[in-house]
Amino acid sequence: MTMFCTFGIVYNCNGMFIVPVTEDMGFTRQQMGMNSTIISSMMMIVSLFAGKIFKRFNVKMVMRVGAICLIAGYASYSLAQSLYMFYASSVLVGLGLACTSTLPISIIINSWFNLKRGTAMGIASTGSGIGGMVLNQVAGKLIPAVGWRQSYLMLAGLMCIVILPCVFFIIKKDPAEIGLEPFGGVGRIVTNAQEDGLTLSEAAKTKKFWIFIGILVVNAIATGGVVQNLVPYISELGYSYSFGAIMASLNMASLAAGKFLLGNLYDRKGARFSTVCSCTCSALAMGSMILASLFMPSFGLMLLCSGLGCAFGSTGIPILVRMVFGNKDYSSIYGISNFASNLGGALSPLIIGRLFDVTGTYKTGFSLFCGLSVCAACAFFALLSERKSSKTQAA
């Protein structure tokens, strides 16, 4: 429910507001895209200090403060009278989103599940896709009916109704809080913490860590291309706004299914297969978007592939961090990895917005992002093959 009303609204409904806001306020697409960059930048800042934050403060307290910031910031979009007021609101939204979504939720799931973490993370992450699927339709009807300002305010009200009860009354940071053990027992957690994995300082001394971080940046730039720009691209091709809303909802349904499937793949098929599969699907989604201008059924291939491709950020990264670097200093290493992903997410709208302003089309950006996804797939394949080889030699 938390992912439903955080990522599901802030990121996955953002594309519905781009055209009406830019037309009403006179912003360029690049200027509007800066809101997503600011949100990602704030999430990067929180991610950098995630290890210290979550070691010092109870995760539930962090989520409560973050929820208040998120709701207040999102509601304030409705009052914005200038571009810089939008940017100021995005600062608050970004800080709140970082403290209520993927980062704390992955830490909570890590505490609750010692086995089947991939499947558990996939199920939890589907909330953002389901939220986007449902709320894109809601936003698609609200914006023409009541305007984009009232739509921002009403979605903020929904956040208030759903998120606050979750973070104040429902969420438990670990099973011990209610007298239970993690799924799979406690024995393996002790083993992982003592024998398996690296601390952040140890990982930072390895070449593998920095290659991993670099790939995350590249992959996040690429996967940011579909979700944020699908509706404006459909408008560019001459389709109606309502058709764009339907496609955005279908894309979110694909994302929800993709997150569950990707989490299950990590449990069943391992890191290399699942990661390369996700990056390949991202490349196919971008390629099919380009072909859609000539052959409308290509949107079908995009819907099939984008869910698994875009699922990597919220589902794949937390699973992959544990598989590659272990459990010893998970929150710190995942925080830096999340920083890298958010850096790519911050650059993505700037790059594609700038390319649109220069070329007048999204196809140039999609072509670039398709190539980046292919590069990420190849790099992950090499990195995870090296990891597998080193484990075999050690055995």
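Let's start with Asp329. Asp329 is buried, at 11% relative accessible area. Buried means under 20% relative accessible area, exposed means over 50%, and partly exposed is in between (1.4 Å probe, protein chains only).

A quick note on the source. This is a predicted model, where local features need pLDDT of at least 70, side-chain atom pairs count only at pLDDT 80 or more, and totals for chains, interfaces and linings use all residues. Residues are numbered from 1 along each chain as its sequence is written, and side-chain values use heavy atoms, with hydrogens and water left out.

Which side chain does Asp329 meet in a salt bridge? The partner is Lys55, at 3.3 Å, N to O. A salt bridge here is a side-chain nitrogen of Lys or Arg within 4 Å of a carboxyl oxygen of Asp or Glu. Lys55 lies in helix 5 (residues 50-56), and Asp329 in the loop between helix 17 (312-325) and helix 18 (330-359), so the pair ties together parts 274 residues apart in sequence. Helices are DSSP runs (H or I, at least four residues), numbered from the N terminus. Lys55 has 60% relative accessibility and counts as exposed.

How many salt bridges does the structure hold? It holds 3.

Next, Lys60 and Glu177. Their closest N and O atoms are 2.5 Å apart in a salt bridge. This pair also links distant parts of the chain. Lys60 is in helix 6 (residues 59-76), Glu177 is in the loop between helix 10 (148-170) and helix 11 (187-195), and they are 117 residues apart. Lys60 is buried at 13%. Glu177 is partly exposed at 34%.

Last, Lys173 and Asp174. Their side chains meet in a salt bridge at 2.8 Å, N to O. Lys173 is partly exposed, at 32%.

Key:
Helices (H or I, at least four residues) and strands (E, at least two) are DSSP runs, numbered from the N terminus.
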